[in-house]
Amino acid sequence: MSTRAGFVALIGEPNAGKSTLLNRMVGAKVSIVTHKVQTTRARIRGVAMEGDSQIVFVDTPGLFQPRRRLDRAMVAAAWGGAADADVVVLLIEAQRGLTEGVERILEGLQDIGQGRKVALAINKIDRVQAEVLLGLSQKLNDLYPFVETFMISAEKGHGVEALRHWLASEVPEGPWLYPEDQIADLPMRMIAAEMTREKLTLRLHQELPYQLTVETEAWEERKDGSAKIDQLIYVVRDGHKGIVLGNKGETIKAVSKAAREELEEFLGRKIHLFLQVKVRPNWLDEAERYSEMGLDFKDGNT
Ligand SMILES: Nc1nc2c(ncn2[C@@H]2O[C@H](COP(=O)(O)OP(=O)(O)OP(=O)(O)O)[C@@H](O)[C@H]2O)c(=O)[nH]1
Ligand SMILES: [Mg+2]
């Protein structure tokens with residue numbers, strides 16, 4: 001039997017649906033999803049099997065014009081993911097169409113796309129009329145020589161099978177890179193921290209989610225099969241701490257409950273989750289915070 005295996009990077013503007021697509025391909029939620037931009041911060045690998053092919057999907061942070069250190073490190077991680085991949089899939093949001101941001105990504109692809117296959121996936125087709133899609137596909141293909149174009153809805157699943165099928169035939173011949181039953185290449189303590197960050201992002205407004213980070217401090221296995229997990233939420237200001245805690249601690253309580261329930265479902269066992277909020281004015285300039293997130297601190301240097 002000849003097997004195939006390779007890396008497929010999912011790139012695109014923030015909020016295009018990259019993480020939603022990764023999760024659907026893998027069949028489990030390994031990358032967090034919110035309606036807000038800049039949800040994903042680092043490269044997250046999810047593994048999907050299709051026949052004799054193993055497709056390692058690499059979810060990346062959204063591509064945008066970086067202004068701050070964290071932005072720059074995120075964007076560098078995204079382009080790095082594309083540069084390391086066998087196949088790149090550019091996700092475009094159907095209703096937003098050809099934005100300036102997309103034009104900039106197409107420019108970036110002139111370099112990174114050299115010598116590798118780049119496919120186009122127009123996502124969220126459930127939101128637009130079919131005629132719009134054909135025009136958009138034409139415009140994008142005029143600007144970049146995509147090897148294939150797919151019309152998909154990552155959320156509803158339309159067109160996703162066809163994309164996976166195609167990718168399975170495009171990854172190079174070779175041995176599988178992960179055990180057949182592995183779905184993610186991310187330590188469990190990081191997945192757990194991401195789940196809490198997702199719940200916080202969903203509940204908090206404006207800039208706050210950007211200015212916080214979550215780290216798993218301790219993970220203790222208990223004799224009864226459960227696990228006790230301690231996490232720290234770093235914020236930059238005293239005022240932010242108050243907002244994260246909420247009136248009488250109700251915000252953090254709700255976040256903790258939602259994150260715990262999701263973790264329990266993911267792991268199939270009982271979890272005791274303890275969250276603590278710490279004010280750390282400079283965490284956005286601390287190398288250790290970046291390595292905990294899976295980012296390269298140096299990439300944030302100007
Ligand atoms: N209607 C519709 N919504 C979708 C679809 N795919 C994703 N979404 C929604 O789009 C939003 C963004 O999805 P994400 O998967 O977090 O997007 P992302 O590209 O990973 O975003 P960043 O990590 O911020 O770069 C979420 O609210 C999703 O539920 C789709 O096919 N149709
Ligand atoms: Mg994402």
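Me: Ala, Val, Leu, Ile, Met, Phe, Trp, Tyr, Cys and Pro count as nonpolar, Asp, Glu, Lys and Arg as charged, and the others, Gly among them, as polar. How do the residues of the shell around ligand 1 divide?

Reply: Five are nonpolar, twelve polar and six charged. Heads up: this is a predicted model, where local features need pLDDT of at least 70 and side-chain atom pairs count only at pLDDT 80 or more, while totals for chains, interfaces and linings use all residues. Residues are numbered from 1 along each chain as its sequence is written, chains are lettered from A and ligands numbered from 1 in the order in which they are written, and side-chain values use heavy atoms, with hydrogens and water left out.

Me: Which residues of that shell are the closest to ligand 1?

Reply: Lys 18, Thr 20, Thr 39, Asp 126 and Glu 155 are the closest, out of 23 that surround ligand 1. To be near, a residue needs a heavy atom within 4 Å. Helix 1 (residues 18-26) gives the largest share of this shell, three residues; helices are DSSP runs of H or I with at least four residues, strands are runs of E with at least two, and both are numbered from the N terminus.

Me: Where does ligand 1 sit?

Reply: In the largest pocket, which means more than half of its atoms lie within 2 Å of the pocket's grid points. A pocket is an open set of points on a 1 Å grid over the protein atoms alone, with protein on both sides within 12 Å along at least five of seven lines, and lining residues have an atom within 4 Å of a point. This one holds about 400 Å³ and is lined by 26 residues, with Asn 15, Gly 17, Thr 20, Thr 34 and Lys 124 nearest its centre.

Me: How much space lies in the second largest pocket?

Reply: About 210 Å³. Its lining has three nonpolar, four polar and five charged residues, among them Lys 36, Arg 41, Arg 197 and Tyr 210.

Me: What makes something a cavity here, and how many count at 30 Å³ or more?

Reply: In a cavity a 1.4 Å probe fits but cannot get out. Of its 17 lining residues, Met 190, Glu 194, Val 214, Glu 292 and Met 293 are the closest to the centre. Helix 6 supplies the largest share, five residues.

Conventions: Grid points are joined across faces, edges and corners, and a volume is the space filled by probe spheres set on the points.
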